[in-house]
Amino acid sequence: MSQVLNTPPPTASSASPTGDAAALAARYGLTVSGARPSLPAYVRQLWERRHFITAFATAKLTAQYSQAKLGQVWQVMTPLLNAAVYYFIFGVLLGTKHGVPDFVPFLVTGVFIWTFTQSSIMAGTRAISGSLGLVRALHFPRAALPVSYAIQQLQQLLFSMAALVVILLCFGVPVSASWLLVVPVLTLQFLFNAGVAMVVARMGAKTPDIAQLMPFLLRTWMYVSGVMWSIAATVKNSHMPHWAEVALESNPAAVYIDLTRFALIDSFHAHQLPHHVWALAIGWALLAGVGGFIYFWKAEETYGRG
Amino acid sequence: MADIIAQDTQPQDSAAGAASAAGAERVPTVVADRVDIVYRVNGTGAGRGSATAALNRILRRKQSEKAAGVRRVHAVKCVSFTAYRGEAIGLIGTNGSGKSTLLKAVAGLLPVESGKIYTDGQPSLLGVNAALMNDLTGERNVYLGGLAMGMSREQIKERYQEIVDFSGINEKGDFITLPMRTYSSGMSARLRFSIAAAKDHDVLMIDEALATGDRSFQKRSEARIRELRKTAGTVFLVSHNNKSIRDTCDRVLWLERGELRMDGPTEDVLKEYEKFTGK
């Protein structure tokens, strides 16, 4: 094979002389292939692909249980079983329920809302690195992937919410107008999740190891977010420093979980919520959503490198 | 060798001249300027297996990539060419010579290490395999694939019947409503091609492997490619089948070991290539 390196090209090539390439390209209005579009253009492209984003999310969701005999029934069964396990451990064995009225609805709401954030972030870490084939084969704004995974989790959550309504009614929680508050809360939480998913998607694209680390971070985050215990009740009875209290209460996961509990469960009162809770919920959503989007966009042209 | 090409100051000449009529202005659609593409592969270096080596790699960030166990694969080396509207360009070369990699970079799907690629509009690779899901029915995959390629729902609805008929999936029964995992490999290849070929492209790039399916489907797909060629401004075709290169292309780029070895009219290049491969 030495001839490969030694023989000069037998014919003259048609390559443009160096330096003139840019000029030639400019004269005919050619643009750099794979260059990052401006932020407004990027948003527009993403909007144009909205049907792909939702179709991809729905497809992933349906494909998930398509081989199971019970099929889509698992969409509701999985969260219910999940809640049952947590109830058994924390409600029956450990007895965390002391002092929390309506413990089962309290716990199940916490688990479902937390799972929404957790799985969005987990899916986000693999959104680019797990879809390299897609990224290397087709053109679309790459943010479509993490967003699509977040939407898939939102759809999953809607199934969980249906299960939750059944649980709430079974445990005698009255239906009330405040249930409607769930809509803005989940919208904000979705924004937050999608934003964080985009941040970890960029990190995961560069360093796939993030996906190994994430479960541990998420589990720690879960235990401090008051999924199985009441932050308000704990804070009241303990002598922790003020900053720790504030940190616990303004943790975004805790904010969305407690707001949903407040909306759904009549025995969960407003005084159990931290101060300025809606400002916190909106603030986290905007910070993560907008910040995450810009952070993701900044590396748009590099996705696809293995 | 590629440097020689790059420094070659000859005016645009004979090489691709056959493609367009003399006198008429030749409009470039793709300009590649000294393109290098490097793949980085993690975890190939010695010592990767041991935990201390891995830790070492993380702690000492500033060390050379080689010491970090990252292997660099220089897949395309300093390749320059200009493609013009109306040309059909074949890419040839032995396995692993960088043909597909170069196409992906032209399509803007793979970042280049250095150099620049300028294109007119958005070149697209013919293929949607990666967007399709085996657990979904053929029908839903048609929609998913179409959307992934950037078609609108209405466009897909319009072409849906055409796509299904072209794939011939339903010739043996109502298979389009079954999950794709139940298809034979030939059947799914046919459906994939039919979805991919449903869209019109400005700069179209076709990566070999079209020789799937039975004889009658091959004939149909060749006809479809000719049709696509008519509507596309410029066509790139990667193939190991010299006959299909001869049939479709009027200019050929020959890549070997990532370097552009030859660029010229189909016959000239193929003659050299056949000599090289000992055919």
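This is a predicted model: local features need pLDDT of at least 70, side-chain atom pairs count only at pLDDT 80 or more; totals for chains, interfaces and linings use all residues.
## The six-stranded sheet of chain B

Six strands of chain B make up an open sheet with mixed pairing, in the order S5-S6-S7-S3-S8-S9. The edges are taken by strand S5 (124-125) and strand S9 (259-265) of chain B. Each of these has a single partner strand, so one side of each is left without a neighbour in the sheet.

Strand S3 of chain B stands between S7 and S8 in this order. S3(B) runs parallel to strand S7 (residues 234-238) of chain B, to which 4 bridges join it. Within that pairing, B:Ile89 has B:Phe236 as its bridge partner, and B:Gly90 has B:Leu237. Another 4 bridges join S3(B) to strand S8 (residues 251-256) of chain B, again in parallel. Here the bridge partner of B:Leu91 is B:Leu253.

## Burial of strand S3

Of the 5 residues of strand S3 (residues 88-92) of chain B, 5 are buried, so the strand is largely enclosed by the rest of the structure. In a regular strand, side chains alternate between the two faces of the sheet. In S3(B), B:Ala88, B:Gly90 and B:Ile92 point one way, while B:Ile89 and B:Leu91 point the other way; all are buried.

## B:Leu91 and the nonpolar core

The largest nonpolar core holds 153 residues, and the members that touch the most others are A:Ala197, B:Leu91, B:Leu144 and B:Met205. Helix H9 (residues 182-206) of chain A gives the most to this core, with 14 residues.

Leaving aside residues up to four places away in sequence, B:Leu91 touches B:Phe236, B:Leu237 and B:Val238, as well as B:Leu253 and B:Leu255.

A second open sheet is built from 4 strands in the order S1(A)-S4(B)-S1(B)-S2(B), with antiparallel pairing. Strand S1 (31-32) of chain A and strand S2 (71-84) of chain B stand at the edges. Each has a single partner strand, so one side of each is left without a neighbour in the sheet.

Strand S1 (residues 28-41) of chain B pairs with S2(B) over 10 bridges in the antiparallel sense. In S2(B), B:Tyr84 is the bridge partner of B:Pro28. Helix H2 (residues 20-27) of chain A packs on the sheet and touches S1, S2 and strand S4 (114-119) of chain B. The direction of this helix makes about 125° with that of S1(B).

## Annotated segments of chain A

An unreviewed UniProt entry lists "transmembrane region" for residues 76-96, 103-121, 157-175, 181-201, 213-232 and 277-297 of chain A. In the model, residues 181-201 of chain A are 95% helix and 0% strand, with end C-alpha atoms 30 Å apart. Residues 213-232 of chain A are 70% helix and 0% strand, and their end C-alpha atoms also lie 30 Å apart.

A:Leu217 belongs to helix H10 (residues 210-224) of chain A. Is A:Leu217 buried or exposed? A:Leu217 has 12 other C-beta atoms within 10 Å, and a residue with 12 or fewer counts as exposed, so A:Leu217 is exposed. A:Leu217 and A:Phe296 are 79 residues apart along the chain, and their C-alpha atoms are separated by 21 Å.

Notes
Residues are numbered from 1 along each chain as its sequence is written. Chains are lettered from A and ligands numbered from 1 in the order in which they are written. A residue is buried if 20 or more other C-beta atoms lie within 10 Å of its own, exposed if 12 or fewer, and partly exposed in between; C-beta atoms are placed from the backbone. Helices (H or I, at least four residues) and strands (E, at least two) are DSSP runs, numbered from the N terminus. Two strands pair if DSSP finds at least two bridges between them. A nonpolar core is a set of buried Ala, Val, Leu, Ile, Met, Phe, Trp, Tyr and Cys residues joined through C-beta atoms within 7 Å. Two residues are in contact if their C-beta atoms, placed from the backbone, lie within 7 Å. Axes are lines fitted to C-alpha atoms, for helices over the stretch in contact, and angles run from 0 to 180 degrees between N-to-C directions. UniProt positions are given in the numbering used here, feature names are shortened, and annotations may be inferred rather than shown by experiment.
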